[in-house]
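Here is a short note to read alongside the model. Keep the sequence and the 3D view open as you go through the points.

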Amino acid sequence: EAVGPLQGTGPPQEGLAGCFQRPAFARSTLLNTYCCCEAQLMANIGIGVIGLGRMGQVYARHVARQIASAALVAVADPSGAATEAFSAQVGGVTAYADYHDLLRDPQVQGVIIASPTSTHRDVVIAAADAGKAIFCEKPTALTLSATDEMLAAVDRAGVVFQVGFMRRFDRAYADAFAKIESGLIGEPVNI
């Protein structure tokens with residue numbers, strides 16, 4: 001059984017790579033929610049953030065300062081001013097102008113993609129091809145066909161892929177969903 005805050009919720013895995021290379025298991029879990037073996041509870045997962053706009057900076061600071069099992073090791077943004085300003089605030093992080101360079105960084109095991117939506121398809125496919133675990137800010141892409149291409153790349157690579165729909169874990173939203181499902185508040189006419 002898995003070890004961690006959600007004990008017993010997943011199959012046993014071997015080593016850190018086990019989590020990131022089991023697509024069926026990975027899709028049912030959250031990056032950094034729990035690790036699959038006791039040794040992983042001690043391991044820091046190297047995270048790179050691609051895109052240093054408002055959300056990218058929020059994610060990067062969160063990883064750098066608030067997630068004990070993760071280490072922010074790299075950021076990438078085509079704006080030199082953005083990477084310089086962020087690097088000045090958060091030390092010890094490698095800054096790249098090109099996300100491809102970040103994806104080649106062996107310290108980066110997982111990426112947070114917070115670049116413009118128009119870039120998500122290419123960045124996700126490149127990250128999957130590089131074998132990185134992927135958290136992608138919503139929406140996944142501008143078209144359904146681009147999303148399908150992203151999913152195909154993730155499946156081929158066998159990596160973790162999660163889209164940032166944080167409301168699915170919000171207690172108020174879960175309660176509303178349960179009330180809708182039970183018929184307590186009637187049928188929604190607009191969501």
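**Notes on the fold**

1. The protein exposes about 10,400 Å², and carbon and sulfur atoms supply 56% of that area. Accessible areas come from the Shrake-Rupley method with a 1.4 Å probe; for residues, only the protein chains shown count as cover. This is a predicted model: local features need pLDDT of at least 70, side-chain atom pairs count only at pLDDT 80 or more, and totals for chains, interfaces and linings use all residues. Residues are numbered from 1 along each chain as its sequence is written, and side-chain values use heavy atoms, with hydrogens and water left out.

2. The secondary structure comes to nine helices and six strands. These are DSSP runs numbered from the N terminus: helices are H or I with at least four residues, strands are E with at least two. Buried residues make up 42% of the 191 residues. Buried means under 20% relative accessible area, exposed over 50%, and partly exposed in between (1.4 Å probe, protein chains only).

3. In what order do the six strands lie in the open sheet? The order is E3-E2-E1-E4-E5-E6, and the pairing is parallel. Two strands pair if DSSP finds at least two bridges between them. Strand E3 (94-96) and strand E6 (161-163) stand at the edges with a single partner strand each, so one side of each has no neighbour in the sheet. From one strand to the next, the twist averages 20 degrees.

4. Look at E4 (residues 110-113) and E5 (residues 133-136): four bridges join these parallel strands. Val111 has Ile134 of E5 as its bridge partner.

5. Helix H4 (residues 54-66) packs on the sheet and touches E1, E2, E4 and E5. Its direction makes about 150 degrees with that of E2. Helix H7 (residues 117-129) also packs on the sheet, touching E1, E4, E5 and E6. The direction of H7 makes about 165 degrees with that of E5. Contact means heavy atoms within 4.5 Å. Axes are lines fitted to C-alpha atoms, for helices over the stretch in contact; angles run from 0 to 180 degrees between N-to-C directions.

6. The largest nonpolar core has 27 residues, and Val111, Ile134 and Phe161 are among those touching the most other members. Such a core is a set of buried Ala, Val, Leu, Ile, Met, Phe, Trp, Tyr and Cys residues joined through side-chain atoms within 4.5 Å. H7 gives the largest share, six residues. Apart from this core lies another, of 17 residues, including Val49 and Leu72.
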